[in-house]
Amino acid sequence: MSHQSDLISTDIDAYLAQHERKELLRFLTCGNVDDGKSTLIGRLLHDSKMIYEDQLAAVQADSVKSGTTGAGKIDLALLVDGLQAEREQGITIDVAYRYFSTATRKFIIADTPGHEQYTRNMATGASTCDLAIILIDARYGVQTQTKRHSFIASLLGIHHIIVAINKMDLVEYSEATFEKIKQDYLDFTQSLALQDITFIPMSALDGDNVVNPSEHMPWFTGQPLMEALNSIEIANDRNFDDARFPVQYVNRPNLDFRGFCGTVASGIFKKGDQITALPSGKSSKIKSIVTYDGELEQAFPPMAVTLTLEDEIDISRGDMLIGTEKTAPTVSDKFKATIVWMAENALTPGRQYTIKLATRSVSGSVAMIHHRIDVNTLEHHDAVELHLNEIGSCTVSVNAPVVFDPYKTHKGTGSFIIIDRLTNSTVGAGMITGSIDQENLQPVSPEERAARFSQTATAIALTGSNAKEIAYQLERKLFDNGHAATVLETQNTSLIVAVKNAGLICLCVNYSANLADMNFDSDTQTVDDIYSALKDQKIIY
């Protein structure tokens, strides 16, 4: 929804041109359940005169049957909570986007859910935002979910945080309460990379310090929320120093034109600049920068352009064009990353996924989970898997070299998604923290083998008349469930040791019982019996 301007009735072309030139600010609201995120957005739109009359009438009618604000009051949260389940429960479940503008800026709001089980939704909404509004209920102060969302915001490189201490009307607009919550939040965020934090006391329900200054809190001399959103500086958040251009498409409409299409991820590209194509390392100069409206002298983020080069060099989708700056990206098939897991099925090291980084897609796997991060306390815990909504530090190994930068300096070339190869659904998102020196790779440990196969290396003796048949059936059952086992039909102690050292389960047919760690009689025990026993004994997990 656009800001109302006198130009609309006098010169529509001038108005559209003015609107197009406005700076775009993407921000999200997050916080604990019932902190008032949806109400805040509704109040922001309502007091800014950004709601159509028919929308307002519909919300007034819905407030009678679905509202949570009491008799006689409009539940402005219903402007954002559109799902039936959200209205029934009075909570936000999915990310809702709203659009509006003022005289100076255009805005995209992401209203993210507060429940812990929807952490992945919050991370998705935050991934493209410049600013986060973290709501805190003045009655309860800093809560677990406040810490969780603050950590995720810092993890995703959001530079600007507005801490909206909401429901001040329920604590009698107490300045002491505001100052205590402010100090508690600052104490928690000392270890987080949050650079710009603004605190605003408000009442979203009544409109205090949302668009207009509050008469109830004369002690607060800062800006209301709308003024802060209009004035906060975001132009310098982008990296204009290191030129990065991931190639999305090679445009060849005729024999005389060959251009490389994509969006400038960072830096500035100018006509005549020397560029290098990675991973090939071939160099050339920019001949022209082409757009639908004609040629440009330079391009910068987030412009979508087509570059033509003076030389015919081999470049295809997934390659990256860089400038001549000193800070070059890394080209490697391994990197370290922080991963947010978004799927019901756990992330298991060694399983093959599709890794999409910028415009390049390659197959690969998580080689190792270094630790899981407790987003409530920021403590590190050992982990062999990552489950839904969990965050961990991992080593990622891909099957072909990729070009990347650390996420903190280059969001566009330092982030990636993980795609399930069978369902083609996105199951994880990652932020690259650094490269891994191949020379410093450590030997594979028994613990890593156990984590990879979800098992403990064991020698199992199978005796009886059906030993061979049961052994191969058991091997198949173990293999189908993601474990690694092999059958040995000859007695060889050194071979058993070698198989166990490789982290495998060794199924020994008619071996002496003293050579094995466990013994089963095939005449009295079935494959399912043995498999259940292995689970009970924690040999497989």
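## Lys-167

Lys-167 is buried, its relative accessible area being 18%, and the cut-off for that label is under 20%. The model is a predicted one. In the chain, Lys-167 sits in the loop that lies between β5 (160-166) and α8 (175-188).

Which residues are in contact with Lys-167, leaving aside its neighbours within four places in sequence? Three are aspartates, Asp-34, Asp-35 and Asp-137.

Strand β9 is joined to strand β8 (residues 249-254) by 4 bridges, and the two run antiparallel. With 2 residues between them, β8 and β9 form a hairpin. Within this pair, Cys-261 of β9 has Tyr-249 opposite.

Strand β15 (residues 304-309) is also joined to β9 by 4 bridges, again in an antiparallel arrangement. Here Thr-263 stands opposite Ala-304 of β15.

## The chain as a whole

The protein chain contains 14 helices and 27 strands. It has 541 residues, of which 48% count as buried. The accessible surface comes to about 25900 Å², and carbon and sulfur atoms account for 48% of that surface.

Methods:
Residues are numbered from 1 along each chain as its sequence is written. This is a predicted model: local features need pLDDT of at least 70, side-chain atom pairs count only at pLDDT 80 or more; totals for chains, interfaces and linings use all residues. Side-chain values use heavy atoms; hydrogens and water are left out. Two strands pair if DSSP finds at least two bridges between them. Buried means under 20% relative accessible area, exposed over 50%, partly exposed in between (1.4 Å probe, protein chains only). Contact means heavy atoms within 4.5 Å. Accessible areas come from the Shrake-Rupley method with a 1.4 Å probe; for residues, only the protein chains shown count as cover.
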